Amino acid sequence: MEEKMEYRQQVVQEYRRLLNPLLQYLPWLESHSGKSVSRNYQGQGLSKRSISFPVYDATLMNFVREAAASELMDRNYCYVYTRNQIRTHEDEKRVIAAAELRDWEILRGILSKYVLEGMTKATLWGEAVQENLFVLILRKMRDIVEYWDRTKR
């Protein structure tokens, strides 16, 4: 029993270490929730036949860069979606709200989808901010870590 508690404490400590760098972006993400965080480039030399592209807020780009480089990323996030039958934003929000310590991999999978897939489909970063998904994931991860930190004492 004591070994189980010790192992859980180690796991929670590791989760905290991975999560802490991303939590600095939480206030910014909360303040921009539901808002557009990109604008289309309208620079010089852009002709009428050119394809416009989104330009994102620097803070969002820093968050994405830091998240992409972290060990929280799961390159097999698509399996999280199929295993848990996640298809819509409502499904994602429902799964996030119900997540517990044992569901950490599901939270990683949803975060990974928006961070990693957003690198090839840039609209996903803005979508995750507008749908409040980054905020919900970070808050839930923080709540899980804080809960298990309290229970060890």
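1. Angles under 35 degrees count as roughly parallel, those over 145 as roughly antiparallel, those from 65 to 115 as roughly perpendicular, and the rest as oblique. Helix α6 (residues 104-116) and helix α7 (residues 123-130) pack at an angle of about 135°, with their axes 7 Å apart; α6 and α7 are therefore oblique to each other. The axes are lines fitted to C-alpha atoms, for helices over the stretch in contact, and the angles run from 0 to 180 degrees between N-to-C directions. Helices are DSSP runs (H or I, at least four residues) numbered from the N terminus.

2. The model is predicted: local features need pLDDT of at least 70, side-chain atom pairs count only at pLDDT 80 or more, and totals for chains, interfaces and linings use all residues. Residues are numbered from 1 along each chain as its sequence is written, and side-chain values use heavy atoms, with hydrogens and water left out.

3. Where α6 and α7 meet, Lys113, Tyr114 and Val115 of α6 are in contact (heavy atoms within 4.5 Å) with Leu124, Trp125, Glu127 and Ala128 of α7. Lys113 is a buried residue, at 18% relative accessibility; buried means under 20% relative accessible area, exposed over 50%, and partly exposed in between (1.4 Å probe, protein chains only). Leaving aside residues up to four places away in sequence, Lys113 touches Tyr77, Tyr81, Glu92, Gly118 and Leu124.

4. The structure holds four aromatic pairs. Rings of Phe, Tyr and Trp (its six-membered ring) pair if their centres lie within 6.5 Å; planes under 30 degrees apart count as stacked, over 60 as edge-to-face and the rest as tilted. The rings of Phe63 and Phe134 have centres 4.9 Å apart and planes at 65°, so this pair is edge-to-face. The pair links distant parts of the chain, with Phe63 in helix α3 (residues 58-69) and Phe134 in helix α8 (residues 133-151), 71 residues apart. Both Phe63 and Phe134 are buried, and together with Tyr25 they form one aromatic cluster.

5. Which other rings form an edge-to-face pair? Those of Tyr147 and Trp148 do, because their centres are 5.2 Å apart and their planes stand at 90°. Tyr147 is partly exposed at 41% relative accessibility, and Trp148 is partly exposed with a relative accessible area of 23%.

6. The largest nonpolar core has 47 residues, of which Leu29, Leu60, Phe63, Ile110, Leu111 and Phe134 touch the most other members. Such a core is a set of buried Ala, Val, Leu, Ile, Met, Phe, Trp, Tyr and Cys residues joined through side-chain atoms within 4.5 Å.

Definitions and conventions: Helix = DSSP H or I, 4+ residues; strand = E, 2+ residues; numbered from the N terminus.
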